[in-house]
Amino acid sequence: MQHEAAKPHLKAEVRDFWQDAACGEQLLLHSLDREGFKRQAEERYRLEPFIVDFARFHDWRDKRVLEIGVGLGADHQRFVEAGAAITGVDLTPKAIELTERRLQLFSLESDLRVGDAEILDLPDNEFDLVYSWGVIHHSPDTQRAVHEIYRELKPGGTARVMIYNKWSIVGLMLWFRYGFLRLRPFMSLREVYSQYLESPGTKAYSNAEARSLFSDFDDVRIRVVLSHGDLLSSGAGQRHQGKMLDIARRVWPRRIIQRFLSHRGLFMMIEAKKPSL
């Protein structure tokens, strides 16, 4: 598995990156009212429709759920509305503030707190589900975050986690732009993801590496799906703009990619069970 060096400054850089622009904030269109949050949720699930089937919000009524990385709180809201007893943690105060605002606007409540996925201040064996969508690959020590997920789950509990897939079309596009076109053809995908995809130090994993991350779990199931980034079907993105990208969006062979390269998507969805006693 790729080495996960815990650089002392990296956690602060990751926190600062997401504090400046909470995940999905560009979809709010600067409107922090009920309609703004509704539009953000609609756009989120239009761009990433597989979230609903993966999270299965309504399965967790009266169950204890932990969400790691609440972002703008769209998924968090769905869990609350489904009747889950949910706790949400995020590395950034901004995400917690925005999610609190969101819930208040819809007359909802949950347990929200600033927290570090690598060191969760929560009891052992507490949750029926730990859910995290696109978060722990930003942590400097992703393996430690997975160990915390394991610790927090009740025996027999479920982890549902999305992390980035190493062998993705997004990765190839980034390598072409920042490696090949800059005469750095030997730049590794590890370097590409770390330097050019979202926050500093972002990682992506092969199937084998993901299974190693979750090796303490039973019944690990992995599914890869194409993201709107792979399909260039949205303008969402915090770091990548320009004429070349605009042109690529117009000519991108989406149907061919969907038919023949569905296994090369960026999103790797993992479902795993903590062994029962």
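Predicted model: local features only at pLDDT ≥ 70, side-chain atom pairs only at ≥ 80, totals over all residues.
Visitor: What relative accessibility does D246 have, and how does D246 count on that basis?

Guide: D246 has 35% relative accessibility and therefore counts as partly exposed. Residues are numbered from 1 along each chain as its sequence is written, and side-chain values use heavy atoms, with hydrogens and water left out.

Visitor: Which residue meets D246 in a salt bridge?

Guide: A salt bridge puts a side-chain nitrogen of Lys or Arg within 4 Å of a carboxyl oxygen of Asp or Glu. For D246 the partner is R249, at 3.3 Å from N to O. Both residues lie in helix α11, three residues apart, or about one turn of the helix. Helices (H or I, at least four residues) and strands (E, at least two) are DSSP runs, numbered from the N terminus. R249 has a relative accessible area of 18%, so R249 is buried.

Visitor: How many salt bridges does a search of the whole structure find?

Guide: The search finds 15. One of them joins E35 and K38, whose closest N and O atoms are 3.8 Å apart. These two are three residues apart in helix α2 (residues 34-47), so about one helical turn separates them. E35 is partly exposed at 43% relative accessible area, and K38 is partly exposed at 33%. Another salt bridge brings together the side chains of D111 and R113 at 2.6 Å, N to O. D111 counts as partly exposed at 29% relative accessibility, as does R113 with a relative accessible area of 31%.

Visitor: Which residues are linked in a network of salt bridges?

Guide: That network consists of D124, E148, R151 and E152. Contact here means heavy atoms within 4.5 Å. Leaving out residues up to four places away in sequence, E152 touches several residues, including L66, L120, D124 and F127.

Visitor: How many aromatic pairs does the structure hold?

Guide: There are 14 aromatic pairs. Rings of Phe, Tyr and Trp (its six-membered ring) pair if their centres lie within 6.5 Å; planes under 30 degrees apart are stacked, over 60 edge-to-face, and the rest tilted. W133 and F267 form an edge-to-face pair, 5.6 Å centre to centre with 80° between the planes. This pair links distant parts of the chain: W133 is in strand β4 (residues 127-133) and F267 in strand β7 (residues 267-273), 134 residues apart. W133 is buried at 8% relative accessible area, and F267 counts as buried at 5% relative accessibility.

Visitor: How far apart are the ring centres of Y150 and F217?

Guide: Their centres are 5.1 Å apart and their planes are at 90°, so this pair is edge-to-face. It too links distant parts of the chain, with Y150 in helix α6 and F217 in the loop between α9 and β6 (218-225), 67 residues apart. Y150 is partly exposed at 24% relative accessible area, whereas F217 counts as buried at 6% relative accessibility. Ring pairs also build a cluster from F50, F54, F57, F79, Y131, W133, Y164 and F267.

Visitor: Where does S199 lie?

Guide: S199 lies in the loop between α8 (189-196) and α9 (207-213). S199 is buried, with a relative accessible area of 0%. Setting aside residues up to four places away in sequence, S199 touches V14, F17, W18, H138 and S194. The side chains of S199 and H138 are joined by a polar contact of 3.1 Å. A polar contact is a pair of N or O atoms within 3.5 Å; within protein, one must be able to donate a hydrogen and the other to accept it, and residues adjacent in sequence count only if both atoms are side-chain atoms. S199 and R15 are 184 residues apart in sequence, yet 8.6 Å apart in space, C-alpha to C-alpha.

How values were computed. Buried < 20%, exposed > 50% of the residue type's maximum accessible area, 1.4 Å probe, protein only.
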